Every structure is written in C-alpha cells, then in structure tokens.
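Subject: Structure handover

Hello,

Here is the structure I said I would pass on.

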Amino acid sequence: MVPSTNPGEPISGTGEPQRTHHHEVFSAARAGHLDSRLRRFLYRPGCLAERYVKPGDCVLDFGCGPGFFTREFAKQVGETGLVFSVDLQEEMLQILRKKLEPEGLLPRIRTYRCEPDSINLPVDLNGTIDVAFSIFVVHEVPDPAKLFREIAALIRPGGTLYYTEPPFIVSGGEFRDNLALAEDAGFRLVETKFFFVNRGRRC
Ligand SMILES: C[S@@+](CC[C@H](N)C(=O)[O-])C[C@H]1O[C@@H](n2cnc3c(N)ncnc32)[C@H](O)[C@@H]1O
C-alpha cells in the first residue's frame, strides 16, 4: 500500500480519525515549485507512471496540484484510459488544464474540485478506479480516515492505492498513523519504501 516519504509504494485492495497533526494546504500561489526540473529529477514521475499505470487504466490523482504527476499518468493511460484529477483548489486545476491542453492530454483527463472533507466524485465511479495516487497530500486533509474510506470505495477489487508523504514535513509517526487508517479502510499493505532521491531508472 504505502510508502513513507517520496513517491514510494503502493497499497492494494479496497475507524474514526484521531487527528493530532495539522498541516497547511499548499497554496496555489506556489504551484510553480511543484512542477520544476529539479522535482522531475528527484521524483521521476514518468517512471512512477510506467510502473503502476497500464494503458487503458482509470486512474485517480487525488490532490493533483498543478498536474506534475497527472501529465505522466495521462500519457501512460493512452487514448483508452482516463485520469481523474481531483484537488481542493480550483486554481490548481486551472493551471493543470492550461498546461496540459497544449500537450494534447486533456481528452484523457477529468478535473474535479473537491471539498476539504470529501472527494465528491460521482458515485457511479465507485469500483472503477484501477490505481489511485495520493502524493504529498494526505497530511493536508482534515479527515484522512474518511478519505481512505472514500478512495477504497472508488477502487475496483484488487486495485491499488499508492500513498506517499514528503520527508521533513510528515513524521514517521504521522505516516504510520495514516497507514493504520488506510488499513482500517480495508487496504492491505503490500510494500513500503523510503528514499529522498530516486536515482534508479525505474521508481
Ligand atoms: C503539496 S501539493 C502536492 C500536489 C501534487 N500531488 C504533487 O505532488 O505535485 C498538495 C495538494 O493537495 C491539495 N489539497 C490539500 N488539501 C486537500 C483536500 N482536502 N482535498 C483535496 N486536495 C487537497 C492542495 O490544494 C495541493 O494542490
């Protein structure tokens, strides 16, 4: 299911929150920091997509921000797949659309603005998502237990959740608390990884 720091590893499959941690929402005014060459070097989003996404997949990019990872997921799903890119801030979604439209990727992407405590995707998507990503976002969500339950409902049986958090911002304790919430929601931990910089060809 889940990794600890950088794009780490997945959860597989389909309680109540005891939140002691609080983090600010990453402002859309700083969106440029999320789509830089340095970040591409550090996280290799194309490798992540290649590893977890197949052509034709339905992908959820929860907390997509300005589309740093959505771009690669959209390339990887091809013309027969779809990426549902969800964010709290409409400004982030606008940046994503403006950036990915000239790249010809928008027909493969559906953008949704969600509520702070609910993903708010149409219920007919339940059970249809092959792989969901929550990259560097759960620490900003007020009710992670509810979030994991919602993601579990969206994922098809046997699908995958890839959950990761940023180092220095999210402690190991907070990360483990969130892993427990994901397990309460029905996920089974299949792999964890810790790394600062992904130097491998593949993630
Ligand atoms: C640190 S950014 C990461 C963006 C993207 N995942 C990436 O790694 O490039 C966190 C994103 O999560 C979004 N976010 C924060 N709270 C959220 C919530 N409750 N529901 C959905 N998105 C949220 C923010 O608007 C922001 O775009």
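In this predicted model, helix α5 (residues 144-154) and helix α6 (residues 172-184) pack with their axes 8 Å apart, at an angle of about 40°. The crossing of α5 over α6 is right-handed. On the α5 side the residues that take part are P144, A145 and F148, and they meet N178, L181, A182 and D184 of α6. Sorted by class, this contact holds five nonpolar residues, one polar and one charged.

Helix α2 (residues 45-52) and helix α3 (residues 68-77) have axes that come within 9 Å and cross at roughly 45°. That angle makes α2 oblique to α3. This crossing, too, is right-handed. From α2, the residues P45, G46, L48, A49 and E50 meet F68, F69, E72, F73, K75 and Q76 of α3. The classes here are six nonpolar, two polar and three charged residues.

How many residues of α3 are buried? Ten of the ten are, so α3 is largely enclosed by the rest of the structure. Directly after α3 comes G78, with a positive phi near 70°.

G78 also turns up in the surroundings of G56. The latter lies in the loop between α2 and β2 (58-62). Leaving out residues up to four places away in sequence, G56 touches V77, G78, T80 and G81. Is G56 buried or partly exposed? With 13 other C-beta atoms within 10 Å, G56 is partly exposed, because a residue needs 20 or more to count as buried. G56 and V83 are 27 residues apart in sequence, and their C-alpha atoms are 10.0 Å apart in space.

For the chain as a whole, there are six helices and seven strands. Along the sequence they follow the pattern β-α-α-β-α-β-α-β-β-α-β-α-β. Of the 203 residues in the protein chain, 47% are buried.

There is also a ligand. The residues that surround it number 19, and the closest are F26, G63, G65, L88 and E140. By class, this shell has 14 nonpolar residues, three polar and two charged.

Two residues other than glycine have a positive phi and can be set side by side:

- R44 has a phi near 45°. Its place is in the loop between α1 (37-43) and α2. R44 counts as buried, because 22 C-beta neighbours lie inside 10 Å.
- N120 has a phi near 65°. The loop that holds N120 runs between β4 (109-113) and β5 (129-135). N120 is exposed, with 11 other C-beta atoms within 10 Å, and the cut-off for exposed is 12 or fewer.

V170 is placed in the loop between β6 (155-164) and α6. V170 is buried, with 20 other C-beta atoms within 10 Å; the cut-off for buried is 20 or more. Which residues does V170 contact, leaving aside neighbours within four places in sequence? They are H139, E165 and F175. V170 and V138 are 32 residues apart in sequence, and 9.8 Å apart in space from C-alpha to C-alpha.

V190 is found in the segment after β7 (187-189). V190 counts as partly exposed, with 14 C-beta neighbours inside 10 Å. V190 and T160 are separated by 30 residues in sequence and by 9.6 Å in space, C-alpha to C-alpha.

Regards

Definitions and conventions:
Residues are numbered from 1 along each chain as its sequence is written. This is a predicted model: local features need pLDDT of at least 70, side-chain atom pairs count only at pLDDT 80 or more; totals for chains, interfaces and linings use all residues. A residue is near a molecule or strand if its C-beta atom, placed from the backbone, lies within 6 Å of it. Ala, Val, Leu, Ile, Met, Phe, Trp, Tyr, Cys and Pro count as nonpolar, Asp, Glu, Lys and Arg as charged, and the others, Gly among them, as polar. Axes are lines fitted to C-alpha atoms, for helices over the stretch in contact, and angles run from 0 to 180 degrees between N-to-C directions. Helices (H or I, at least four residues) and strands (E, at least two) are DSSP runs, numbered from the N terminus. Angles under 35 degrees count as roughly parallel, over 145 as roughly antiparallel, 65 to 115 as roughly perpendicular and the rest as oblique. A crossing is left-handed if the near helix is turned anticlockwise from the far one by less than a right angle, and right-handed if clockwise. Two residues are in contact if their C-beta atoms, placed from the backbone, lie within 7 Å.
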